Amino acid sequence: MAQNEILRQSPLREEPPGVFACVADGREHTLRIQACLKLPVFPAVASKLVLELNAQNVVVSRIVELIECEPRIAAQLLQVANSPLYGLARPITSIGHAVVILGFRAVSQIALTLIGARLFQDSPPKFASLSQSTYTSSLAIATLARNISKTVEWGDPDEAFLTGVLHDIGKLVLLSAHGSGYDQLLVKEDTGDITQLEREKFGLDHAGVGRLCVQHWGLPAVMSEAIAQHHRPLRQVEDMLPRVLISARRLAMRWQIGFAGTPPPPPGLQAEDSPGDAFVEELDTNELQNRCREQFVALRQACLG
Ligand SMILES: [Fe+2]
């Protein structure tokens with residue numbers, strides 16, 4: 001039975017938006033409702049942007065208006081648009097100008113990226129450090145995902161970027177649901193398979209929770225499926241967006257971009273580790289590494305100040 005069908009039939013389907021959960025049992029190919037998790041609410045402006053992006057006839061002026069109503073987001077968006085991430089010859093001076101130069105999809109996705117950052121920044125103070133490090137590594141993986149998408153000429157680089165930003169959002173949900181219990185589990189992330197530990201302790205992992213969040217927010221299914229697969233071994237994944245995301249994560253760790261102080265895992269330790277994968281090895285060039293590092297430094301400055 002398809003996951004969406006199970007969710008439709010779930011007794012929790014009448015719950016208010018933001019409250020539902022399911023868990024996939026991969027061995028038995030069944031889906032079971034296991035617990036109630038409170039998924040973060042996507043800010044209203046973000047939901048409206050998603051609606052505009054999914055509309056048949058996009059009203060570009062509406063997108064500009066929505067972003068301009070959020071001065072902090074608008075200011076940060078101009079910083080990002082003018083950063084080395086886009087490598088523009090002339091500066092972008094307004095949201096309308098950004099739409100003309102970058103296109104409404106790219107501008108909307110940058111705005112969603114910045115709004116997504118708030119979800120990390122608004123976590124409880126005692127988990128601020130963990131949220132910050134998760135967001136920083138997510139920004140790095142997003143930067144690599146965007147560059148890899150361009151390098152292999154697959155899909156929409158800005159969609160890859162937004163997927164990278166949100167790929168670990170499930171950690172925040174588990175953190176808010178389980179508090180210190182999850183905090184202590186994450187300490188073991190560098191030395192073990194975090195998703196297995198999560199499934200053992202909570203019945204579901206942060207990749208599955210992330211998929212629920214992104215589905216719940218109405219973002220494209222290709223993004224939620226990529227997020228669901230981001231800890232799987234690359235050789236088992238066929239679709240390009242999850243392959244881009246998994247490669248970005250592997251290379252960000254290898255190159256120590258956004259993972260400062262976190263030693264790369266020893267080969268063969270993690271379930272997804274597969275050092276000989278040709279897709280990743282072909283991407284491992286000094287040129288790509290230097291470009292991603294420069295873009296990440298500028299982006300971190302724009303997003304985190
Ligand atoms: Fe993850």
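Me: How many residues of helix H8 are buried?
Reply: This is a predicted model. Helix H8 spans residues 157-166 and is mostly covered. Its buried residues run from Pro157 and Asp158 through to Val165 and Leu166.

Me: Are H9 and H12 roughly parallel or roughly perpendicular to each other?
Reply: Their axes lie 7 Å apart, at an angle of about 100°. Angles of 65 to 115 degrees count as roughly perpendicular. H9 and H12 are therefore roughly perpendicular.

Me: How many residues in the contact of H9 with H12 are nonpolar?
Reply: H9 brings Ile169, Gly170, Lys171, Val173 and Leu174. H12 brings His206, Ala207, Gly208, Val209, Gly210 and Cys213. Of these residues, 4 are polar and 1 is charged. The nonpolar ones number 6.

Me: Which residues touch the most other members of the largest nonpolar core?
Reply: Nonpolar side chains tend to be buried together in soluble globular proteins. The largest nonpolar core here has 76 residues. Those touching the most other members are Leu77, Val107, Ala111, Leu144, Ala145, Ala248 and Ala252.

Me: Leaving aside neighbours within four places in sequence, which residues is Ala252 in contact with?
Reply: Contact needs C-beta atoms within 7 Å. Neighbours within four places in sequence are left aside. That gives Ser137, Ala140, Ile141, Leu144, Ile257, Gly258 and Phe259.

Notes:
Residues numbered from 1 in each chain as written. Predicted model: local features only at pLDDT ≥ 70, side-chain atom pairs only at ≥ 80, totals over all residues. Core = buried A, V, L, I, M, F, W, Y, C linked by C-beta atoms within 7 Å. Buried ≥ 20, exposed ≤ 12 C-beta atoms within 10 Å, placed from the backbone. Contact = placed C-beta atoms within 7 Å. Helix = DSSP H or I, 4+ residues; strand = E, 2+ residues; numbered from the N terminus. Axes fitted to C-alpha atoms, helices over the stretch in contact; angles between N-to-C directions. Parallel < 35°, antiparallel > 145°, perpendicular 65-115°, else oblique. Nonpolar A, V, L, I, M, F, W, Y, C, P; charged D, E, K, R; others polar.
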